[in-house]
Structures are given as structure tokens and as C-alpha cells.
Amino acid sequence: MVPEDLRYTKDHEWVRLAGDEATVGITAFAAEQLGDIVFVELPASGRSLQAAATFGVVESVKAVSDLFSPLSGEVIEVNADLASQPELVNTDPFGAGWMLKLKVTDAAEADALLDPAAYDKLIAEA
Amino acid sequence: MSETPGEAMPHTSPLADRHKALGAKMTTFGGWEMPLQYSGILEEHRAVRERAGLFDLSHMGELFVEGPAAGEALSAAVVSEPPRLAVGRAQYSMICAPNGGILDDLIVYRLAEERFLVVANAGNAPLVSDLLAQRIGPFRAILDDGSLATALVAVQGPRSVEILAPLTDLEPAGIRYYGIAEGAVAGIPALVARTGYTGEDGFEVFVETARAGELWDAMLAAGAAYGLVPVGLGARDTLRLEAGMPLYGNDLDPTVNPYEANLGRVVRLDKPIDFVGREALRRVAESGPARLLVGLEMTGRGIARHGYPVFVGDRQTGIVTSGTLSPTLGTAIAMAYVAPGDAEPGTIVEVEIRGARVAAKVVPLPFYRRPR
């Protein structure tokens, strides 16, 4: 089971919403599929993101994958630890491997995201 | 490493069930379904550098050329000079088009006075088989395409000699680098070559496909005490790149000639037999290559990948052909073709990564050389 307190995208990002602040990362399933993550590129604080827009990339040894913002908002913090320890995305994808925090424009956008049961179903069928 | 789209049914390795039982992620490469990784690329890579890894290379093509004129026939077909090989020795080679473009890179082994083994890349093996058949036609030699009948398992890494020795009637330590011997491994008739694609000591063991499973099981069991682990194509790619070895399809293709690929030493323009590509290659040797394959080390933050453009100032000097984060060095490394004037080690270049220029410098190949 994936964490119950999160919402998910079909591109395998997760979001934890607290008031108008959202924390974003990629799921354990995504990290496992990518393999050993060796590089994470994140946006600068202050950047505005639209929901579903590319906000960065994650690179495994073999491949480059885009990251998509689950919600619209302004980047208020990125996880600086990932510059030197990108492997945190593999070892703790829902915790220390978080990627960015957003001040969201419209918290209601989260209603369009997958709930844990729907995301579980998605990865079971993948 | 590129997938081969549009191929209906990939070949299956005789070891496919074992890979799945070991938890491998599979991938299609060169028309074969092969293991990409087991425990993880970084862990498998380190195992080969520090201990040993076991590789299924059943996808490689094995082409046997036999007959009184087998050496001369091969000499007419490839750029190197197989007749100069002593029995039990091997040489790196290439097969080229009439215009000098590389159609595949190969290892040619001399198994006997009148018998050679040519090992071709999986995706090119059918083409190389056809070309060899055509090119040796006029000579007293025959081609036996053993690609499907032959399996190849490699053990690579510093513990390879210790792992292999108890399994074979041969003396592995006595086989020289780029040597090959015929014997038994785990009771199975085998050709044992001291060759590889990792930059480490190691052996490639050829057996009949029907007995590949037995060989794999015996080697995995014998290696357990030495920390041997199965290694997939993912780590094979990072290992070969650190070792500065080109990968056909990434760094070599029909638009590239051996001089551009820094493999001019392999071409024997003055051998006594005319060979396909000679005139074109002679012209390149005289006028100099139009571009050169070099090593790049990223000095800025980012990983160069296949297809990324390389700049010196505002001028595009070339293109990246392979790139990864080097697990051994911890830095991003790449191979790229650049203009000859920009090929000197120390030259500062920039790689365009997702629209941004990232600093890199030309460095000598290989990136990694094993301690001796």
C-alpha cells in the first residue's frame, strides 16, 4: 500500500497538502522503476509552476525522466540535499527524498489527483 | 544502449528463466531479450570492479570461419590481419563498408591453423554473417554461423581467475590477455578466452547453447564465496564506458570510420590482401580524420547523454555519443566526436543539456584503468 495521506499523479509524483503548502516527490514505484538515481535537477525557489508542467528531471544511471508538477503554485523550497545525495529518492522516496514545496494557487486542484486506492490500482496494473 | 523497435519477437536467452528467478529486469537489446539489471546497476558495477560479475552474453554472434584459406578470407573481409594471429590468440577488428564506414566491431580468435571464431555484436550478427559469407566467397573457406547454437557466459573482475580455476581442466592464469584455449568448464566442452568489455581481468566462456544453464549455475555457485554476482547490460554499459571502450550503435556506426573512432591502429592498410574499404580508409589515413572520438569529463553540474551537442564558444564542435555518471569516479563522463582541433586533452568545451551549456573538458581515454 502507498501512504494514505498523499495524493498521486499518473506520472508517479506524490503530493502532501497542508493548508496551501504542498510537498512533492516521486513514488517508491517510480524510484524502483528508474533504478539507481544519480542526478536530480530542480527549479529555483520563486518559480511559478502550472499543474502538469515539467519542473525538473531525475536521472538514473541509464535514463533521463521529466518531473511533472501535480499542482499549480510557486516554488518556496527545494530539497537541497538531493544535489549531493540523489540516492535519497531511492532509499526514502516519501520522506527524505522529497523534491519541492509549493505554495499552491488552488488547493481544489488536488481533487483531480489520484487517491491512494486509485494509485495502488494504477501501479498494480503497470 | 538502444532498443530495437519494430522487431516482432526478440530472441530469448537460454538463461532467461534463470534471470527471471534472480529477479532481473529484462530489456530488449540487439533483437534479444536480456537482463538489464538484477540488484541494481551501481551495485553490480562495483561488484565487477572489486570482486567479480557473471554476464549472460548469449546475444553475441559467433561466426566460425574454416578452411585452408580461412585467414586470407577473413583478411579480405575485415580491416585487421587475422593471418598474423598465432593459434590461441585474438585481435580486435572491424568490418567496414566500401566507403570505410564501420559496420561492426569484432573480436577475431584463431582457434586452429585453419579455424577462426569471429564474435559480432548481437544486433549486427545477421548482417556480419551475410557480409562474411559474401566476402569469403572467392576463398577456400566456409562460414558456419554458430550464433544460435553457441552461448557465451563471461566472468569479469579481479577474482575471475580464482573462480574459474577449480571449474576447469585449463589453467586460467596461464591464458594470456586476448588468448583463447579449448577445454572443459564444469565438465562442458568450452572455449575460454581472456577477453571482456569491462576493463577488468576476466574470461569469456563459449559453450553449446543447450548446456548454457549448467555452465551458468556452476559458475554462480563457484563464485559465491568470492562475492560474484550476476550483472546485467546496464552495468556492462557503465563498465565499458569507464574503460573507454566504444559501443556499436552509440559510439560507432556506418557514418564513422575507424580513424575517426581512434581505432586506426587496428587497420592494416598494407596487408598483402585487398580488403573492403581499403581505398577509402587509405584516403582518410592520408588526409586525416574529419572528427575524433574523445573522452569528456563534466566539470559543471549535469550528465551528458547520447545526442547532446558539444560546443567550443559559439561553434558546435561535435556531439556526445555515450554518457553516464561514472560509478567508480563519481563524476559524469562521456564520449563525444569533436573537430580534430578540439580533441587535445585539456580542451575546455561545453555540452548543451536541456538548453543550458554545461562545462566539460577533454580528457584522455580510458577514464578508468584497473590497478595491476
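Ala186(B) is buried, with 20 other C-beta atoms within 10 Å; a residue gets that label if 20 or more other C-beta atoms lie within 10 Å of its own, is exposed if 12 or fewer do, and is partly exposed in between, with C-beta atoms placed from the backbone. Ala186(B) sits in the loop between β11 (180-185) and β12 (188-193) of chain B, and has a positive phi of about 55 degrees although it is not a glycine. Most residues other than glycine have a negative phi, and most peptide bonds are trans. Chain A has a case of its own: Ala52(A), not a glycine either, shows a positive phi of about 75 degrees. Ala52(A) lies in the loop between β5 (48-49) and β6 (54-60) of chain A, and counts as partly exposed because it has 14 C-beta neighbours inside 10 Å. As for peptide bonds, the one from Leu365(B) to Pro366(B) is cis, with omega near 0 degrees, and Pro366(B) falls in the segment after β20 (356-363) of chain B.

All of this comes from a predicted model, in which local features need pLDDT of at least 70, side-chain atom pairs count only at pLDDT 80 or more, and totals for chains, interfaces and linings use all residues. Residues are numbered from 1 along each chain as its sequence is written, while chains are lettered from A and ligands numbered from 1 in the order in which they are written. Helices (H or I, at least four residues) and strands (E, at least two) are DSSP runs, numbered from the N terminus.

Now to strand β10 (residues 150-156) of chain B. Here 7 of the 7 residues are buried, so β10(B) is largely enclosed by the rest of the structure. In a regular strand the side chains alternate between the two faces of the sheet. Both faces of β10(B) are covered, with Thr150(B), Leu152(B), Ala154(B) and Gln156(B) buried on one side and Ala151(B), Val153(B) and Val155(B) on the other. Strand β4 (residues 53-56) of chain B pairs with β10(B) in the antiparallel sense over 4 bridges, pairing being called when DSSP finds at least two bridges between two strands. Strand β13 (residues 202-208) of chain B also runs antiparallel to β10(B), joined by 7 bridges. Gln156(B) stands opposite Gly202(B) in β13(B), and Gly53(B) stands opposite Gln156(B).

Chain B also holds an open sheet of 5 strands in the order β6-β7-β8-β5-β9, with antiparallel pairing. Its edge strands, β6 and β9 of chain B, each pair on one side only. β6(B) and β7(B) pair over 7 bridges, and Ala90(B) stands opposite Tyr109(B) in β7(B).

Helix α4 (residues 125-135) of chain B has Ala125(B), Val128(B), Ser129(B), Leu131(B) and Leu132(B) as its buried residues. An α-helix has 3.6 residues a turn, so residues three or four places apart point the same way. The cover over the buried residues of α4(B) includes β5 (61-66), α3 (70-77), β6 (90-96), β7 (102-112), β8 (115-120) and β9 (142-145) of chain B.

The contact takes 14 residues from domain 1 of chain B and 12 residues from domain 2 of chain B, where contact needs C-beta atoms, placed from the backbone, within 7 Å.

Note on methods:
Contact = placed C-beta atoms within 7 Å.
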